[in-house]
Amino acid sequence: MKITNWGNYPVVDAAVHSPESVDELKKIVSSHPEMIARGLGRCYGDSSLNYTIVSTLRFNHLLAFDEQTGIIICESGVSFSELLEIFVPRGWFLPVTPGTKFVTVGGAIASDVHGKNHHIAGSFSNHLEWVKILLGDGSIVQCSKDENSDLFWSTCGGMGLTGIIVEASFKMLKIETAYIRQRVIKTKNLDETIEAFEANKYWTYSVAWIDCLAKGNSLGRSALILGEHATKNEVGYRYRNPLKIEKRMSIPFPFFLPNFVLNSQTVKIFNEIRYSAYVSKDSFVEYEPFFYPLDVISHWNRMYGKRGFTQYQFVLPKESSKEGLKKLLTKITESGEGSFLAVLKLFGKQEGLLSFPREGFTLALDFVISPTTLKLFNELDILVNEYGGRLYLSKDVRMTKDVFEKGYSNFNKFSNLKKKYDVQQKFQSLQSKRIGI
Ligand SMILES: Cc1cc2nc3c(=O)[nH]c(=O)nc-3n(C[C@H](O)[C@H](O)[C@H](O)COP(=O)(O)OP(=O)(O)OC[C@H]3O[C@@H](n4cnc5c(N)ncnc54)[C@H](O)[C@@H]3O)c2cc1C
C-alpha cells in the first residue's frame, strides 16, 4: 500500500504488517530481513518508512496504573490522545508532550520527544521507568536507566533502530485542573525574545511563535507564550468540575490546496496578521489549545499541497544561540521563503545518544518542499554545523550523512550499540540508510 508520514513526502509503496500479539510480531520479525516500526506516522519525513513496515497500532492496551505514584504501564501503540482522554478527568497529565497528541508511546520514546517544558522537565526519556523491546533475534529485553542501560539510551531517541518497543512504563504528572494559566508577552526583536525566555525560565512551559519574515530591527519579533497548570484555587470558582472540559470536534482540512495558493506573499500577510493578533496578557485556557493548537484542524498538512512539506528544526548550543539564530533567521528572511509556523523553544540539559535536545535554543519552521527550499536548507545546514548545532531526525527527510555526523557526536557509539543489539541489521528506515546508521 502507498504510505507517507506527516509531511506527505516521500510516498512509498510498502508492505504494512499490523500484528496484534507478541507471537505474531515475533513471526513477522523472524521472517523479514529488514523492517521499521511505525506508530501514528507523525514524524514528518522517512524515519518510520521502509518497504516493510510494522505498525504498532494494535498494541493499544493499557496494562496498569498506580493511583498513588502515577506510574502507568501500557503497550507501545497507545496514543497520547487516548491517555489524555482517560487520565485528565482523573487528575493526571503527560509529563512531557509534543505539539500534537496524535503520537504513540513507542513513537514518543523512539524520538525521545520534547515539549514546551524541556528546560524544566527534560525529554520523555526522563520520565520512563522502563521499556520492553523486541530485538531482531526474537528476544524481549527490558531496559531502564539502571538495567541494560546501554540499550535504554540507544532506544530513547534511537528512531526505532534497536528493535520494536512493545511496552513501556512512565510516571504521569498530577494536575488539579484541565486548565493552563497562560501569559503572553510580545517582543519587538530577537534580543528581546531571548531575554524574555531567560527572564521567565521558571515558568514550566514556554514557547515563542516567531514572525519569520520580519526583517531589520524587527528580526525575530515574537509572541512568547508561558504556561502553568492552573490550580483549583485559581479557577475553581469558574467551573463546577475543573478537570472536565467539553469535547470539541476537530474540523477536517478537506483537500490538498493547489500549490499556487501558498506563496511568499500569502505567508507574509499571514505572519503580519498573526503577530498583530497577539496581545500581551494573562488568561486561563483549556489544555488542548495551549498544547495542541494545530490538532483542532485534522489533516492540516494538506494545506501545503501535494508536493509535501517538511519542518526544518535545529538546535544551537546556548553559547552560540543568539548569534546563530540571527544568522539563520536573516538567511531565511532574505530567501523570501517564509514559514507559517516558526516556533522557538528553550532546551535544558539532555542525556542520550541520538536524542535531539541539547542546552540552547531550538527553532522549527515548516516549508513546502521545492527546489528553492531544498537549496535554502543546504545553506542553513552549513550554518547549523558551523554554530555547533544539529537537526531533529524526527522532522528530517533530506539531511546528509555528513551533516548528521557533524551534529550528533555520539553517532559512532550509537552505531556500535546498534550492531550489538541488532546483529542482523533488521531495523532500518529510509532515513537510517540515507544518513548511514
Ligand atoms: C504537528 C506536530 C507537532 C510536533 N511537535 C513536536 C514537538 O513539540 N516535540 C517533539 O519532540 N516532536 C514533535 N513532533 C514529532 C512527533 O512527536 C514525533 O515524530 C513522534 O515520534 C511521532 O510519533 P508516532 O507514533 O507518530 O511515530 P512515527 O512517526 O510513526 O515514528 C517515529 C519514529 O519512531 C519509531 N517508532 C514508532 N513506534 C515505535 C516502536 N513501537 N518501537 C520502536 N520504534 C518506534 C519509528 O520507527 C520512527 O523512527 C510533532 C509532530 C507533528 C506532526
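A: Two strands are said to pair if DSSP finds at least two bridges between them. Strands (E, at least two residues) and helices (H or I, at least four) are DSSP runs, numbered from the N terminus. The model is predicted: local features need pLDDT of at least 70, side-chain atom pairs count only at pLDDT 80 or more, and totals for chains, interfaces and linings use all residues. Residue numbers start from 1 along each chain as its sequence is written.

The sheet is open and is formed by five strands in the order β6-β7-β11-β9-β10, with antiparallel pairing. At its edges stand β6 (62–65) and β10 (140–143); each has a single partner strand, so one side of each is left without a neighbour in the sheet. From one strand to the next, the twist averages 15°, where axes are lines fitted to C-alpha atoms, for helices over the stretch in contact, and angles run from 0 to 180 degrees between N-to-C directions. Leu62 stands opposite Cys74 in β7.

A residue belongs near a molecule or strand if its C-beta atom, placed from the backbone, lies within 6 Å of it. Of the 34 residues around the ligand, the nearest are Gly39, Pro98, Gly106, Gly107 and Gly160. The largest share of this shell, four residues, is given by α3.

The domain assignment gives domain 1 (60–175) and domain 2 (179–403); such bounds come from an automatic or database assignment. Their C-alpha centres are 24 Å apart. In domain 1, 27 residues are in contact with 26 residues of domain 2, contact meaning that C-beta atoms, placed from the backbone, lie within 7 Å. Two or more residues on the domain 1 side come from each of α4 (118–121) and α5 (149–155), and α4 gives the most, with three. By class, that side divides into nine nonpolar, 15 polar and three charged residues. Here Ala, Val, Leu, Ile, Met, Phe, Trp, Tyr, Cys and Pro count as nonpolar, Asp, Glu, Lys and Arg as charged, and the others, Gly among them, as polar.

Conventions: Two residues are in contact if their C-beta atoms, placed from the backbone, lie within 7 Å.
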